[in-house]
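Hi,

Here is the structure I promised to pass on.

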Protein chains: 2
Amino acid sequence: MDEKESAFLAEYDPRDYPPVAVTVDVVALTIRAGVLHVLLVERGRPPQQGRWALPGGFIRPGEDLPEAARRELAEETGLAPRVHIEQLASYGSPDRDPRMRVVSISYLAFAPDLPDPRAGSDAASAAWHPVSRPPELAFDHARVLADGLERARAKLEYTPLATTFTGETFTISELRGVYETVWGVPLHAGNFHRKVLSVPGFVEATGHSTVSGGSRGGPRAKLYRAGDARLLHPALLRPAEQEGTR
Amino acid sequence: MDEKESAFLAEYDPRDYPPVAVTVDVVALTIRAGVLHVLLVERGRPPQQGRWALPGGFIRPGEDLPEAARRELAEETGLAPRVHIEQLASYGSPDRDPRMRVVSISYLAFAPDLPDPRAGSDAASAAWHPVSRPPELAFDHARVLADGLERARAKLEYTPLATTFTGETFTISELRGVYETVWGVPLHAGNFHRKVLSVPGFVEATGHSTVSGGSRGGPRAKLYRAGDARLLHPALLRPAEQEGTR
DNA sequence: CGAGTTATTCTCATTGTGAGATTATCTTGA
DNA sequence: TCAAGATAATCTCACAATGAGAATAACTCG
């Protein structure tokens, strides 16, 4: 009972409590040359000096959570603040940072082939790394990255998220490429084509086509843009993993 | 640039930063008499005195996030710590609490018909409220509750979550009742029956039946228990809302 | 120009779904 | 005790969705 009393008192001056730091970390994903990449920054100082970590930092007074995530991303990459961003999860294990109690709210960001992190930016060294074999990550960031990847893979199924990885217009094949890259599995081209066009609001025709065929041949492909659907019905389900079911 | 510098410095003493409090809030759901209820506590002091709020409180040093959520739930309800709990989302708008910067990590809890909050517990008054017409909630808790409900509804589709609302064993009709209550729509009994039994690992037969028929007649129903599936394939999709698609 | 590649469309068998009907087993109330 | 109404568990049937494979046509490259 007195525990609760002290808690109530603490509401009036949280400084009585051991300090808790709140940070945002961003799992920024992009596709470059057909490979899914995540943005990482190299830590310039202890702890975990020299290790790679997700871009992130402390929230500022008066700054909302998604705002902080966008700012951190912009600081590391010079990225325009128009990237799609969404909250992923929060991590607050007492010993996840050796210095102090740190609660981190992670965000997931997607964008079409992002530029290299700008030189002279805040991050001493920021770079895109293939998610398939990332370097050893600081703190619990490997877990955060894994959670982010799973979220991204799942959201491809029932949202038009894939279109945020493409340019303004795209071909069905490019869209299929996004799915194949993120899911890491080849898809049946014909069935994928049929499926995408049958989902209301997923894509809409532009009436134009690519100016030339693919680099290795094939006809010119029709160009589409993202439609107005926010959820896909029916969803594009991943090929069932044998035992992923259970 | 100097912003970043100060941020790096601050890593070594977060007390230099304006204080941030971290709390956990719990959206605890149960089904009583065929109605979905959420656990609320009445605030005993300003701000928002007299308003209802989600149970929750400050995290303690050395305490993990889910641990804090379980503790808060136990303090308010006397509930055994075995309730299914999962992280929902985090809320950190700068002005969500007038006293100070508060970042709240919300958790979602499910359990079969929970007992009434125990008298003499920490909460001056805690009670179950139907989610269909909740009282006016403090802070941004209406939003948190709404997010929790949507999450629960969505998870019924592709996880065996519904079985956490039932007892150890249950009939298919009871399971259907959970779906109907949470989704708020009537379901086709025959199709639901077929579907549940066709999903591998969703339920497994106990070999027993209820000792008597339903209160209004009908044969004795077979009893099942939760199976070992963690995901449902194929999923039990909600009846498509006309324009929910877009 | 010929080979190889790709976009797009079809076919067909199989599975999953919605709606409705059937049958047998209970409870309740006359 | 029996008739009426309710419910559990199956089944039918039409239709939508899916996976696999094939066909066709339009390109690129050497």
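Let me start with a pair of strands: strand S5 (residues 84-91) and S6 of chain A run antiparallel to one another, joined over seven bridges. Strands and helices here are DSSP runs, of at least two residues (E) for strands and at least four (H or I) for helices, numbered from the N terminus; two strands pair if DSSP finds at least two bridges between them. Opposite A:Tyr107 in S6(A) you will find A:Gln87.

Before going on, some housekeeping. This is a predicted model, where local features need pLDDT of at least 70, side-chain atom pairs count only at pLDDT 80 or more, and totals for chains, interfaces and linings use all residues. Residues are numbered from 1 along each chain as its sequence is written, while chains are lettered from A and ligands numbered from 1 in the order in which they are written.

Back to S6(A), which covers residues 101-110. Strand S1 (residues 20-32) of chain A pairs with S6(A) too, in the parallel sense and over ten bridges, and A:Val24 has A:Ile105 as its bridge partner there. Is S6(A) mostly covered or uncovered? Mostly covered: ten of its ten residues are buried (20 or more other C-beta atoms within 10 Å of the residue's own, with C-beta atoms placed from the backbone). In a regular strand, side chains alternate between the two faces of the sheet. Here A:Arg101, A:Val103, A:Ile105, A:Tyr107 and A:Ala109 point one way, and A:Val102, A:Ser104, A:Ser106, A:Leu108 and A:Phe110 the other.

Chain A also has an open, antiparallel sheet of three strands in the order S8-S10-S9. Its edge strands are S8 (169-170) and S9 (203-209), each pairing on one side only. S9(A) and S10(A) (residues 222-226) share four bridges, with A:Ala205 opposite A:Tyr224.

Lastly, H4(B) meets another helix: the axes of H3 (residues 141-158) of chain B and H4(B) come within 10 Å and cross at roughly 145° (axes are lines fitted to C-alpha atoms over the stretch in contact, and angles run from 0 to 180 degrees between N-to-C directions).

Cheers

Technical notes. Buried ≥ 20, exposed ≤ 12 C-beta atoms within 10 Å, placed from the backbone.
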